[in-house]
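Please look through the sequence and the model shown here before reading on.

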Amino acid sequence: MKSKYFIKILLTIFFVFASTQTFAKTIKWSMQGDSLTLDPHAQNEGPTTQVSRQVYEALVTRGLDMSIGPQLATKWATVDENTWYFYLREDVKFSNGQKMTSEDVVFSILRAKQPTSDFKEYISTISGVKAIDEYTVQIKTSKPNPILLNQLSNIFVMSKEWCHENFAVVPQNWDASQETFSAVNAMGTGPFKITLREPNTKTVFKRNKKWWGSMKDSKVTEIQLLPIKNAATRVAALLSGEIDLVTDAPVQDLARITSSAGHKVESTPQMRTIFLGMDQAADKLRTGNTGDNPFKKKKVRQALYQAIDIEAIKKKVMRGLSEPAGIITFPGVNGYTKELDKRLPYDVNAAKKLLADAGYPNGFEVELRCPNDRYVNDEAICTAVVGMLGKIGVKVNLFAQTKSKHFKELKDNQGDFYMLGWGVPTLDSHYVFHYLYESGASWNKVNFSDSEVDAAIRVMEGEVDLEKRNAAIANAWKIVRDNIAYLPLHHQVISWASKSDVDVPIRPNNEPLFRFASFN
Amino acid sequence: MDNKKLTWFNRVKDSDIYYSFIKSPTAIVSTFILILIFFCSFFVEFVTPYNPFDPSSLSLMDAFTPPSWTEDGLAKFILGTDGQGRDMFATILYGSRISLIVGFSAVIFALVLGVGLGLSAGYFGGKYEMIVMRLTDVQLTVPSILMALLVDGIARGIISRELHDEMAIYVLIFAIGISEWPQFARVSRAATLVEKNKDYVSASTIIGVSNLIIMFKHILPNILRPVLVIGTIGLALAIIAEATLSFLGVGVPPTTPSLGTLIRLGNDFLFSGEWWITFFPAIFLVILAFSINLLGDWMRDTLNPKLN
């Protein structure tokens, strides 16, 4: 008898060990910066959403092919042009075991509409939301909204009860550096839950066993996000095997990584355009030396535009991995055309002449603000721009700093001249106009204002006739392009580098979805 | 009487130091290298036509040109160019000027502070000496790089950002100087303790010479030998400390790079095969520090045989 027990115990131990040994695998993921906050409504920023996306889910979501599909809602219907019904999955539980119901969805949408939310612009057309029954949600819009689903794919659903228990009913006020429970803790319905959070050092995601969906590869049980700011250090960590996946592999090191037998590199055009903004409303530049604001004059803006040799930046700084841009949107977004995306020619003499015509024959001085850990080679691009503008007599002082400070100070209206990148998660031009061009919009830090553009934005929001709507978009693009409201630089190309046996599908919005990750 | 006829040159020629110098090949070679580096760094405008600190003179298309003797190299860029199209040779010389200025100023700052405190502590003794010496003990427990980082951090906190780039070099001098003064204080105090009991000091005291004059006119020249030895070695340390701080990104701004900043900037391109961007500044720094150290060793042997 005794020996029988003994064998049983031995077998149990063997299986336990065998299973953990073969199946428990961690993917160590690195990029230059970290998520700014875990509060899913507090900051509309790439890496922040990338982290939230592993933990939180939305009513609908984009799949690997970037098309919209069901997530928390299984189906939806419109009764009239302003009323939508969403029918929720009934088997969804939060990672603490609570059931997700329509109350949570209603709460989350209202939470994302709070003044401290950075997503309020996404859903500004939603005028009312209510729970019809436990698994049905009714959403009312103030006018017909053709891109509501696109917008909802970025509104993450939180637990009402959890938020109430933890004083997180309103989103963290990120601009005022508020510290909240929800900024360092996350509890969602997604495939992962965060078990350890050390900002800028380490974030550990463990499988959420209560998740309703199924992983592509059940061996993926843990993700660790380990941000490494220095490009060379990040590559060294990858090559030495300390890191499995880098989602912003430095362009200068791609050849080196490819030549390593155990690693691979994938590249894809990213849905992100890099540009420079110039404050056109201030009476006096904060960092200028002329006592007025040269950027008010279109000729000055055009001079700066034409002084930038974008091909040189592409060749030397980006090593060919960028696409020069004429507008702040990219192929695949509704409203993009090749015609609009053409740049004004690079012409130093024309730029000098424009500057002299505008009344600044000797140029002027200004500070350029740059992030140094957000976009591909951001600081190097800015340094190159400093040199190029120096050639037409504009003395630019470069101020590069970490992204969290950069964004915060921009929002605080401290930038005269700054670098920013813009992605379009909704894949519709409206998103760009609504954030960057509308009078008083939250990221319109160049203070551009044009009544015709504002009117066109209203049409984009309410017009269901696609032809009329597209005409409004085309017209708005033409106005802002002719006005040189911003200086577009290029569309980013992103490269992911990983160990050969780690497979995480690359996506044009640079968001990894670890539920589709696998080991081979 | 005979001495008066000798010119200054002859006096130098007859001295022990000169004799020891020409007998030491290491000293001659390192002095030669140092003079060459000093000359090139301080008259760099005449040595090279490029000015890497003027962004408008650069062309981005020249970036990443390898050294001239390699396949893709260009004759006009002897050591190649960096990621912004700056000529490496010119950038290194401009950078070494900053490194040398920072190094020298920091050592002079540390020397004045350290000798002043050490000499007076040794001379006056008592509670004052105890306080100064315990202060050096406390500071010696803090590694000098940490001390310099601390100073830089505080400076960043109190100086506004617009001013900081201009002030960076002074902050750096202060940071390195403040972390090196205890060495000088200890050596000069020890030497003063020996000197102050000698007859010439007692004689001066008896005839009523004031303390200040005794300290700085009579004792100081006699303790200068060990201080100079420490100073020379301290110069190499200060230059390396500057490079370390700049490498960590808290030194001079990248638009006016010193040697350490150059090494840091080049570090990003090591994996991509653009080795020259970090290699040449690093080699240059090694040669510079090595030469100063060799000269310092020779000076120690000559000026202060007791240390052997």
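**The sheet of chain A**

A:Ala131 has A:Val137, in strand 7 of chain A, as its bridge partner. The model is predicted, so that local features need pLDDT of at least 70 and side-chain atom pairs count only at pLDDT 80 or more, while totals for chains, interfaces and linings use all residues. Residues are numbered from 1 along each chain as its sequence is written, and chains are lettered from A and ligands numbered from 1 in the order in which they are written.

Strand 6 and strand 7 (residues 136-141) of chain A pair in the antiparallel sense over 6 bridges; strands (E, at least two residues) and helices (H or I, at least four) are DSSP runs numbered from the N terminus, and two strands pair if DSSP finds at least two bridges between them. Both belong to an open sheet of 4 strands in chain A, with the order 4-5-7-6 and antiparallel pairing. Strand 4 (73-80) and strand 6 (126-133) of chain A are the edge strands, each pairing on one side only, and the twist averages 20° from one strand to the next.

**A helix pair and the contact of the chains**

In chain B, helix 3 (residues 25-42) and helix 5 (residues 88-124) pack at an angle of about 105°, their axes 8 Å apart; axes are lines fitted to C-alpha atoms, for helices over the stretch in contact, and angles run from 0 to 180 degrees between N-to-C directions. That makes helix 3 of chain B roughly perpendicular to helix 5 of chain B, a term covering angles of 65 to 115 degrees.

The contact between the chains takes 19 residues from chain A and 16 residues from chain B, where two residues are in contact if their C-beta atoms, placed from the backbone, lie within 7 Å. Helix 12 of chain A supplies the largest share of the side of chain A that touches chain B, 6 residues.

Conventions. Parallel < 35°, antiparallel > 145°, perpendicular 65-115°, else oblique.
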